[in-house]
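Welcome! Have the sequence and the 3D view open, and try each exercise before you read its solution.

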Amino acid sequence: MATKLPEAPRVGMVSLGCPKNLVDSERILTKLRSDGYAMSPDYAGADVVLVNTCGFLDSAKEESLEAIGEAIAENGRVIVTGCMGKEAEVIRARFPNVLAVTGAHQYEEVVGAVHEAAPMPPSAFLNLVPESGLKLTPRHYSYLKISEGCNHRCAFCIIPSLRGDLVSRRPDAILREAEKLVEAGTKELLVISQDTSAYGVDIRKQPRMWKGQEIVPHMTDLARELGRIAPWVRLHYVYPYPHVDQVIPLMAEGLVLPYLDIPFQHASPSVLRAMKRPANEAKVLERLKSWRAIAPDITIRSTFVVGFPGETEDDFQYLLDWLDEAQLDRVGAFRFEPVEGASANDLPGAVPEEVKEERYARIMEKTAAISAAKLQAKIGRTLEVIVDAVDGEGATGRSQADAPEIDGEVFLRDAGHLTQGDIVKVEIEDADEHDLYGVPLA
């Protein structure tokens, strides 16, 4: 007579916010799956729902609260984690029925809360989990978090109060995770942290052995080793410290993608000082020129804040003129938004909302024109493209200049023979403000 095994409890996940939160969600799900839990793609089938919240901006907090409310309405059994966990009293005041509230990257607490809310039956033989863990991204690319927290105290940011000071992971642990991801099918590693260029400053005197050699916990050494593991390695959230110059030759060698995501935030010296950011924009322009001399195809993406308290029209025009010189490839912009707990809220010179909107429109018009000109210059060139999706006779992918979700895409014709994750050479035939169009070469 066959023995019927009891069904394992099912866990649903709502993951909000940045890629760092996404990695946290993947780690939580990986641990729960290894403990025998099953995953549910919807509210109805879940015994408990996890909501991984974002608390960076007030608008993000409201989105998180709405997601919690939806989960409670649809399921009723909800555990909250993530950045808003620091504001447990706010969450419980609005949703007194939440089962538990934990903070950012408190993996053990989250898993413990799930075990308490939906105990595992004693005979569940469901401990199988892929070596690479459970992922919320497609198989061919993966985010690789190298540290938690941040040592900066930028006036507009509350990340250190949410996630604490910098805590770097051991380099051998990072490389081991990267190897497992690549063995499982990952072609592109997206290196993330709150401050990637600060990696290792807290453990710099703790080198580790990896495949018979000593690896120093430093961004350059880590990037070099990752480049030997994965076909594509992309660096995000890089502050322009002097030692970033050492990474550019790795791009010229093909070990690391010629791509840097640097959150400059502004260019006006007075605004940068008010933001408590490094204020040496002239030297940054010189370094951009030197980087392009070493790696001519390097893509620089950045983000900027408009309407920061005290920003004058002269400050904003300074930023626009700086962008003309810098010729950044990809730019995102945000209107300044007060965040509870940020020191910028106490600064004088609040910028009216209509002025913020007008400046936002101007910077987006400026950067779109720069982007369009740069993409037009790629027509006729042959570029490497990673395929994200295939549909009928066409496919969608990304060049080395494009990170998933935030940059442009490459739309391919006559590409029905390709599969997701292929890296192919593509002749570029056309371009618009943000995207490229081409055909894969035989």
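This is a predicted model: local features need pLDDT of at least 70, side-chain atom pairs count only at pLDDT 80 or more; totals for chains, interfaces and linings use all residues.

Residues are numbered from 1 along each chain as its sequence is written, and side-chain values use heavy atoms, with hydrogens and water left out.

**Exercise 1.** Find H152 and work out which side chains it joins in polar contacts.

Step 1. Look in the loop between β7 (147-148) and α5 (159-163), where H152 has its place. Helices (H or I, at least four residues) and strands (E, at least two) are DSSP runs, numbered from the N terminus.

Step 2. Check the accessibility: H152 counts as buried because its relative accessibility is 18%. Buried means under 20% relative accessible area, exposed over 50%, and partly exposed in between (1.4 Å probe, protein chains only).

Step 3. Look for polar contacts (a pair of N or O atoms within 3.5 Å; within protein, one must be able to donate a hydrogen and the other to accept it, and residues adjacent in sequence count only if both atoms are side-chain atoms). The side chain of H152 has one of 2.5 Å with that of Y241 and one of 3.0 Å with that of D195.

Step 4. Leaving aside residues up to four places away in sequence, H152 touches P160, D195, Y239 and Y241; contact means heavy atoms within 4.5 Å.

**Exercise 2.** Describe S302 and its surroundings.

Step 1. Go to strand β14, where S302 is found.

Step 2. S302 has a relative accessible area of 0%, so this residue is buried.

Step 3. A polar atom of the S302 side chain lies 2.9 Å from the backbone nitrogen of F264.

Step 4. Not counting residues up to four places away in sequence, S302 touches several residues, among them I262, L328 and R330.

**Exercise 3.** Sort out the salt bridge between R330 and D402.

Step 1. A salt bridge is a side-chain nitrogen of Lys or Arg within 4 Å of a carboxyl oxygen of Asp or Glu.

Step 2. The side chains of R330 and D402 meet at 2.4 Å, N to O. R330 sits in strand β15 and D402 in the loop between β17 (394-399) and β18 (410-412), so the pair ties together parts that are 72 residues apart in sequence.

Step 3. Are the two partners buried or exposed? R330 counts as buried because its relative accessibility is 8%, and D402 is buried too, with a relative accessible area of 1%.

Step 4. Now zoom out: a search of the whole structure finds 32 salt bridges.

**Exercise 4.** How many residues line the largest pocket, and which lie nearest its centre?

Step 1. The largest pocket is lined by 45 residues, with C18, F56, Y237, T303 and F334 nearest its centre. On a 1 Å grid over the protein atoms alone, a pocket is an open set of points where a 1.4 Å probe fits, with protein on both sides within 12 Å along at least five of seven lines; lining residues have an atom within 4 Å of a point.

Step 2. β15 gives the largest share of this lining, four residues.
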